[in-house]
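The paragraphs below go through a model of two chains, starting inside one chain and ending where the two chains touch. Please keep the sequence and the 3D view open while reading.

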Amino acid sequence: MDKRTKILYGILLAGAVIAPFVGGYPLFLMSALCFALFACAFNLLIGFTGLLSFGHAMFFGMAAYFCGHAAKVWGLTPELAVLIGTAGAAAMGYLVGWLAVRRQGIYFAMVTLALSQMVYFICVQAPFTGAEDGLQNVPRGKAFGLINLQSTPHDPLFGVIPVSDDIVMYYFVLALFLLGFGVIYRAIYSPFGQVLKSIRENEPRALSLGYDVDKYKLMAFVLSAALAGMAGALKALSVGAASLTDVSWQMSGEVVLMTLLGGMGTILGPVLGATTIITMQNYLAGFGSWVTIIMGVTFVVCVLAFRRGIVGEIAYRLKR
Amino acid sequence: MMKRKLLSTLVTAALICSAGTATIAAAQQGKASDDVVKIGVLTDMSGVYADYGGPGAVMAARMAIEDFGGKMFGKNIELVNADHQNKADVAKNITQQWFDRDKVDATFENLNSAVAIAVQGLGKEKNKITVVTGAASSKLTNEECSPNTGIHYLMDTVALGNVVGKAIVKDGGDSWFFLTADYAFGQSLEKDTGDVVKAAGGKVLGSVKHPLSTSDFSSFLLQAQASKAKIVGLANAGLDTVNSIKAASEFGLTKNQNLAALLMLITDVHAVGLNTAQGLYLTEGWYWDMNSETRAWAKRYEERMKKKPNSNHASVYSSVLHYLNAVKAAGTDDTAAVLKKMKDTPINDMFAKGGKIREDGRMVHDMYLFQVKKPSESKAPWDYYTLKGTVKGEDAFQPLALSRCAALKK
């Protein structure tokens, strides 16, 4: 990591830490972080391994249900609930990946799409998801049995800084986001990540060099599924609900949009892409029926004018 | 850095747009900020339910505010609205900001049951009034009930089954076959309606389950035809209902049997067309052509929206007006005081006569059974229904004694 990059990451981190005190609404910031992690996990597959999964919502959504169920019905603490969501998604990722990595390109995408539609219809029917009512009022509970994450406002800290438990929850989400982001960062810059990139560039060549390509692809798939699951689990806790939207194919499409908009194959691209989309969804909601149109136009402009995505384009211009 | 800059710019911009008016007003008038009555309409503006709620619901709320006089305690009543895009997390995010930052006193409409339950849960947590009209889930006044903040104003699945079952059997339709969407909603609708039919003296000859969002109803309709039941009940919703009605008309099923849609509104009938929908039974809480009051209101609505209102739009108007009257009578926008007034005062307007909000939050009002007219009987655009029966509120809705609302059990 060169000095400039280090400074950039430092500024971003500081920004994320102070965000709730300088006008960022905690609940909104939490959703943005969850979707950013989801997009980063997805980017690990498409951007660094060259696998386009069109069913990532199944890991995101099912982990949200697992986590919500663990927190609401079993009464587990939030960190355990998130762990269950993540582990559940990883297990699903193993099963789906085992089947899907045998195929390439459009067939891979179709296998993942088909399986995620199966998961969607299971969620419509299964009793624990609440079908179209969703799994609602998921309690946040106390992290490690100590730190209360429920949203009740407190007296301001030092009489000035407003503290609500939404802010505590935000730091809980931020910590886990940084963990997930760190795992992805580490994976990409490890020998493992180099192999993934070589598979993306030229799969037959990686195979001829002696790498067990299917094994590497499966590992990347499971890692991506697990992190997408962690994002879903965190979303279920911070919003307090898991619904059918989270497992629908539209959600799988949305994460593709976020990644492409931010910059596929860049580290920060998905974060920026997800933040942009979530900001549009929340803050343009007051304009009525314009949200989806504006999002569509943004995507068209992105594809026509800067195909590398926002971050990809900036990085390209800086290099030149 | 880009990200934070963009984020903070957007956040600031959005704040100025949405909260600006409230904060400025609050700053100028000192402690008066809480006296400004501000209501939110959360609905689906662009998705599958946009015809059902959408811009029409926002217009209905605006009309209610205008009819009230536009001012409360000398200050303008404010209206904000947002498109929840049928996402529970977006809905929750917006509503929480409305409650925490923008000092919104109550939210209305809230269609889509996942959204409705999430918003009602938030209202309970934040002690703010939430009025649900568009969603039909009976969980709102049962498992997920919130007697101190939540009101369920229009219909629910229990009432739909009750009205259709009771009124059709009384009208002579005593043998039934169900076409059911294969998930919890469809199955509970089938079971509830079936029980009502049997209790009223009718027979259920059988049922067939179809997958959600299927496009091919042929084999299911052949079974329904073979059953020779007088009534084929459609225990499904949305596009499934519309598609099954179209397919039934193509198969000639409607020549000898009648369809009964359990969840369908006049906007759906308008979309399907009278040719296909004729003879269909359905239930609604309101119809524009019922009396001079409803016609007068529908005319005003049509002048602005260029189409007739459905029962959801009318109930948004009625609930907003009822809320504003309660605030005025209570002399405050305090949640507990206003909710008490809303429950104490009977609702008598163009939407409901003698309507009453029960302690579990259920608004009890009369429900109607309609039959869709033949194209030859329809004299004007939107002249679609013949009234076949009225079911009194107490008979239509789930009795309080059967409520599964934990907060009511002492």
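Two residues are in contact if their C-beta atoms, placed from the backbone, lie within 7 Å. Helices (H or I, at least four residues) and strands (E, at least two) are DSSP runs, numbered from the N terminus. Axes are lines fitted to C-alpha atoms, for helices over the stretch in contact, and angles run from 0 to 180 degrees between N-to-C directions. The model is a predicted one, in which local features need pLDDT of at least 70 and side-chain atom pairs count only at pLDDT 80 or more, while totals for chains, interfaces and linings use all residues. Residues are numbered from 1 along each chain as its sequence is written, and chains are lettered from A and ligands numbered from 1 in the order in which they are written.

Chain B contains 14 helices and 16 strands. Its radius of gyration (taken over C-alpha atoms) is 22 Å, close to the 22 Å that the globule rule (2.2 Å times the number of residues to the power 0.38) gives for 410 residues, so chain B is as compact as a globular protein of that length. The C-alpha trace of chain B spans about 70 × 50 × 45 Å along its principal axes.

An automatic or database domain assignment divides chain B into domain 1 (35-155 + 293-365) and domain 2 (158-284 + 366-396). The domain centres, taken over C-alpha atoms, are 28 Å apart. Where the domains meet, domain 1 of chain B contributes twelve residues and domain 2 of chain B contributes 14 residues.

Seven strands of chain B form an open sheet in the order β9-β8-β10-β11-β12-β15-β16, with mixed pairing; strands pair if DSSP finds at least two bridges between them. The edges are β9 (203-210) and β16 (385-391) of chain B, each with a single partner strand, so one side of each has no neighbour in the sheet. From one strand to the next the twist averages 25°. Within the sheet, β12 (residues 281-284) and β15 (residues 367-372) of chain B pair in the antiparallel sense over four bridges, and Y281(B) stands opposite Q371(B) in β15(B).

Which strands does helix α8 (residues 238-250) of chain B lie across? They are β8 (175-181), β10 and β11 of chain B, and α8(B) runs at about 175° to β11(B). Helix α5 (residues 157-170) of chain B lies across β10 (231-235), β11 (258-261), β12, β15 and β16 of chain B, at about 105° to β16(B).

Elsewhere in chain B, helices α2 (residues 54-68) and α12 (residues 311-330) pack at an angle of about 35°, with axes 8 Å apart. Residues of α2(B), including A57(B), A60(B) and A64(B), meet residues of α12(B), including V316(B), V320(B) and L324(B). This contact has twelve nonpolar, three polar and one charged residues, where Ala, Val, Leu, Ile, Met, Phe, Trp, Tyr, Cys and Pro count as nonpolar, Asp, Glu, Lys and Arg as charged, and the others, Gly among them, as polar.

In chain A, the axes of α3 (residues 57-72) and α10 (residues 249-262) come within 8 Å and cross at roughly 120°. A57(A), F60(A) and G61(A) of α3(A) make the contact with W249(A), M251(A) and S252(A) of α10(A).

Finally, the chains meet through 40 residues of chain A and 46 residues of chain B. On the chain A side, α11(A) gives the most, with seven residues. That side has 17 nonpolar, 20 polar and three charged residues.
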